[in-house]
Amino acid sequence: MFNYTFHWYQAFRALPDMLAGALVTLELAILSMVLGIGLAVLIAVGRNSEYAVFRGLAIGWVELARNTPALFQIYMAHFGLGAFGIHLSPYVSLLAGITFNNAGYLAETFRGALRAIPATQTRAARSLGMGPVTAFRLIVLPQMFRIAFLPATNQMVWAILMTSLGIVVGMNTDLAGVTQDLNVRTFRTFEFFAMAAIIYYALAKSVSLGARLIAWRLFRY
Amino acid sequence: MFETALTLSDLAFLAKGAGVTLAVTAVSVLFGTLLGVVFGTTRTLLNAWTAAPMTFILDVLRSVPLLIQLVLANAFQSIAGLGWQPFTVACVVLSLYTASYCSEIVRGGIEAVPAVTRRAARSLGMTWAQDMTHIVFPMALRVSLPSWIGLTLGVMKDSALVLWIGLIELLRSSQILVTRLQEPLFILIVVGAIYFMLSFPIARLGGQLEKRWREND
């Protein structure tokens, strides 16, 4: 059945390169999460805005991000924006696509979390003399992040997995890209991608384990 | 700016791609759900230690990027000389991927049924099988259906990745058109609209179901 010799030593020899790629993957995922969380807070607030324009924009963003494939969103950033003369590098278009996606999903999470915070919290803060922005920043936001922490870590794991889509737009520095480069040069597809799968698994697991430890440390009272 | 070389036959080509997307999704969701129900139910029957191997494998399927899984499966089938078509590879990988998520949904649904309800059923003289079919599954279905709809839509969107192993689905057919017509933005908008029209109504339905069922709880 197996008329094939596995060459695992090649994959092991490429391990340093792949681990360097894993760092780029992690960097991309973290950047997309930081930007995504910032945008998602704005979108979640915009959902409750009294101006229809902001509400419409927020709803449009969320529905677009959630109802089209992530790969489509990356394509849009990479190929679609070319029509406006904007030519993004694979790294930037991958980051833009994942950030767009993250922001859409996180906005929904945050909206649910915001609804779970009693309105009396804001009212109490305002009664103490805080301005609306201060009350939101010091009272509502910390509680929101606390409720949304675990769903957000799931999103982080998902962002790590999504960075692998970069190879489709020609990304060659992240883990999937490095692996694809090695694959194109040697045609040892199975060995290299199996190694990449193990590294992705380790990354995803350490992120969710780390998040659980952080949650335990932060939220134990 | 508003002129386009996109013809009706090009739209038909896109529709064919959308058909492939839907076919892959339908097959994967069907088999994935069947497997997921089996795995999910089995996991509630076993204790943590005996279920560990299965839990681990299902966890790997959720923690390794789908694209990598597709590449690995495709490489493996040629190594093993199975000679599968890309469509088969796509369906097998996506089915297992669906099953791993579905088993979690099923397990969550079954565990959401209060133990006292099940004990009451057994006290009334129901067998384990009767308890499962008449009490647990109807109640678990209510909890699980909204997430299952979400999973189905997720699989439809993730099925775009099968373009990497050479299956010409909706997104890939748009790329072929872009190469020929050189109108990336317009064609991508059309494709995005198709995905959106497929996904949005069902997503709305799922949201509505979730809201209505939560009110009755």
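Two residues are taken to be in contact if their C-beta atoms, placed from the backbone, lie within 7 Å. On that basis, 79% of the contacts in chain B between residues at least 6 apart in sequence join residues at least 24 apart. The model is predicted.

Chain B is built from helices. There are eight helices and zero strands. From the N terminus on, the elements run α-α-α-α-α-α-α-α. The C-alpha atoms of chain B fill a box of roughly 70 × 45 × 25 Å along the principal axes. Chain B has 217 residues, of which 38% count as buried.

Chain A has nine helices and zero strands. Its pattern along the sequence is α-α-α-α-α-α-α-α-α. The C-alpha trace of chain A spans about 75 × 50 × 30 Å along its principal axes. Of the 221 residues in chain A, 44% count as buried. For contacts in chain A with a separation of 6 or more, 73% are between residues 24 or more positions apart.

Within chain A, one helix pair was examined. Two packed helices are described by the angle between their axes and the distance between the axes. The pair consists of helix H7, residues 132-162, and helix H9 of chain A; their axes come within 10 Å and cross at roughly 165°. Angles over 145 degrees count as roughly antiparallel, so H7(A) is roughly antiparallel to H9(A). The crossing of H7(A) and H9(A) is right-handed. On the H7(A) side, the contact is made by A:Phe149, A:Leu150, A:Thr153, A:Met156, A:Val157, A:Ile160 and A:Leu161. H9(A) contributes A:Tyr200, A:Leu203, A:Ala204, A:Val207, A:Ser208, A:Ala211 and A:Ala215. By class, the contact of H7(A) with H9(A) has 12 nonpolar residues, two polar residues and no charged residues.

The two chains also touch each other. Their contact takes 32 residues from chain A and 30 residues from chain B. On the side of chain A that touches chain B, helix H3 (52-67), helix H4 (70-78) and helix H9 (189-218) each supply at least two residues. H9(A) gives the most to this side, with 10 residues. By class, the residues on the side of chain A that touches chain B divide into 22 nonpolar, seven polar and three charged.

Methods. Residues numbered from 1 in each chain as written. Chains lettered and ligands numbered in written order. Predicted model: local features only at pLDDT ≥ 70, side-chain atom pairs only at ≥ 80, totals over all residues. Helix = DSSP H or I, 4+ residues; strand = E, 2+ residues; numbered from the N terminus. Nonpolar A, V, L, I, M, F, W, Y, C, P; charged D, E, K, R; others polar. Axes fitted to C-alpha atoms, helices over the stretch in contact; angles between N-to-C directions. Parallel < 35°, antiparallel > 145°, perpendicular 65-115°, else oblique. Left-handed = near helix turned anticlockwise from the far one by under 90°. Buried ≥ 20, exposed ≤ 12 C-beta atoms within 10 Å, placed from the backbone.
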